[in-house]
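Trainee: I have not looked at this one before. Can you walk me through what is in it?

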Amino acid sequence: MKYLHDVVKVTDIEYLQFDYPEGTLVLTDNQAVIDACNEKKQPVVAFEHDGVTMLKCDHILIDPDEVDDQDYEDIYRRCVGLPLFISETDRTIIREFSMDDLDSLFELYDNPGIVEYMEPLFEYEEERQYEENYIQYIYKLYGFGMWLIFDKATGKLVGRAGIEVRESCDRENQAELGFCISPDRWKQGLAFEVCSEIIRLARDRFSLTSLVARCDPDNVASRGLLKKLGFSHIGFELDGDCRYFREIG
């Protein structure tokens with residue numbers, strides 16, 4: 001779904017309006033315009049050039065002419081707190097987490113067996129704060145992270161998967177692959193389908209050159225999946241988890 005409908009260029013505060021229809025993003029090189037937009041909660045993106053630098057704005061462009069419609073759509077969503085669409089597979093939609101998904105996330109993790117080989121969520125309020133910080137800092141800093149997996153046919157949350165820069169990463173342009181699928185969707189090839197797309201995104205969209213993954217030695221299903229995805233078992237983490245590696249660059 002497209003939420004952005006118009007990008008309005010405003011370079012002087014006297015031309016700024018506050019009755020723009022919903023779906024409008026202001027583009028400016030004027031700090032006063034930025035400040036006024038922030039005060040009125042009007043989505044705004046700045047652009048810098050030879051005559052204007054050091055602007056203070058959450059989103060700053062160097063060359064607006066090189067920014068495509070999808071980039072503007074993503075910036076608008078960031079401004080208004082909407083999750084970004086990431087990709088899709090034959091059976092799933094992959095998108096960012098939003099705070100509206102918190103209850104569904106807890107329902108996913110409440111499924112029997114899902115946290116047998118992975119960390120559980122925090123208590124509700126602590127998890128809420130963690131996810132708010134994750135949206136604010138991780139998604140914005142890296143452009144990627146752990147995403148939610150939705151069934152195309154039903155719209156139901158069926159998993160979580162993504163890539164993160166974690167302490168296990170020991171190379172530049174490297175991230176750790178993580179994944180979990182609802183138990184009622186096990187043995188349907190869903191994890192392979194989703195992770196294959198995420199590996200492609202890691203290489204083609206985010207320019208990563210290698211991935212690591214980890215899993216409990218007793219987690220036979222995940223070990224088999226990682227092998228099928230092209231990962232090699234290269235050793236063990238300090239906590240005893242198996243360490244896997246794959247070049248993707």
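Trainee: How many helices and strands does the protein chain have?
Mentor: The secondary structure comes to six helices and twelve strands. Helices (H or I, at least four residues) and strands (E, at least two) are DSSP runs, numbered from the N terminus. This is a predicted model, in which local features need pLDDT of at least 70 and side-chain atom pairs count only at pLDDT 80 or more, while totals for chains, interfaces and linings use all residues. Residues are numbered from 1 along each chain as its sequence is written, and side-chain values use heavy atoms, with hydrogens and water left out.

Trainee: What box do the C-alpha atoms fill?
Mentor: Taken along the principal axes, the box is roughly 65 × 35 × 35 Å.

Trainee: And what share of the residues is buried?
Mentor: Buried residues make up 48% of the 249 residues in the protein chain. Buried means under 20% relative accessible area, exposed over 50%, and partly exposed in between (1.4 Å probe, protein chains only).

Trainee: OK, sheets. What is the order of the open sheet of four strands?
Mentor: The order is S1-S2-S3-S4, with parallel pairing. Two strands pair if DSSP finds at least two bridges between them.

Trainee: Which strands stand at the edges?
Mentor: Strand S1 (6-9) and S4 do; each has a single partner strand, so one side of each is left without a neighbour in the sheet. S4 pairs with S3 in the parallel sense over two bridges, and Phe47 has Leu61 in S4 as its bridge partner.

Trainee: What sits in the loop between S3 and S4?
Mentor: Met54 is found there, between strand S3 (44-47) and strand S4 (60-61). Its phi is near 60 degrees, a positive value in a residue other than glycine. Met54 counts as exposed, at 72% relative accessibility.

Trainee: Is S9 itself enclosed or open?
Mentor: S9 is largely enclosed by the rest of the structure, because seven of its eight residues are buried.

Trainee: What does S9 pair with?
Mentor: Strand S8 (residues 157-164) pairs with S9 in the antiparallel sense over six bridges, and there Gly159 stands opposite Ile181. S9 is also joined by three bridges to strand S10 (residues 210-215), and these two run parallel. Glu176 has Val212 in S10 as its bridge partner.
Mentor: From S9 the chain crosses through H5 to S10, and this β-α-β crossover is right-handed. That term applies if, with the strands pointing away from the viewer, the path from the first strand over the helix to the second runs clockwise.

Trainee: What is Glu193 in contact with?
Mentor: Leaving aside neighbours within four places in sequence, Glu193 is in contact with Thr89, Asp90, Arg91 and Thr92. Contact means heavy atoms within 4.5 Å. Glu193 and Glu88 are 105 residues apart in sequence, and 9.9 Å apart in space, C-alpha to C-alpha.

Trainee: What else is S6 joined to?
Mentor: Four bridges join S6 to strand S7 (residues 146-151), and these strands run antiparallel. Ile93 has Phe150 in S7 as its bridge partner.

Trainee: Changing topic: where is Glu237?
Mentor: Glu237 lies in the loop between strand S11 (232-236) and strand S12 (242-247). Glu237 is buried, with a relative accessible area of 17%. Not counting residues up to four places away in sequence, Glu237 touches Ser168, Arg214 and Arg243.
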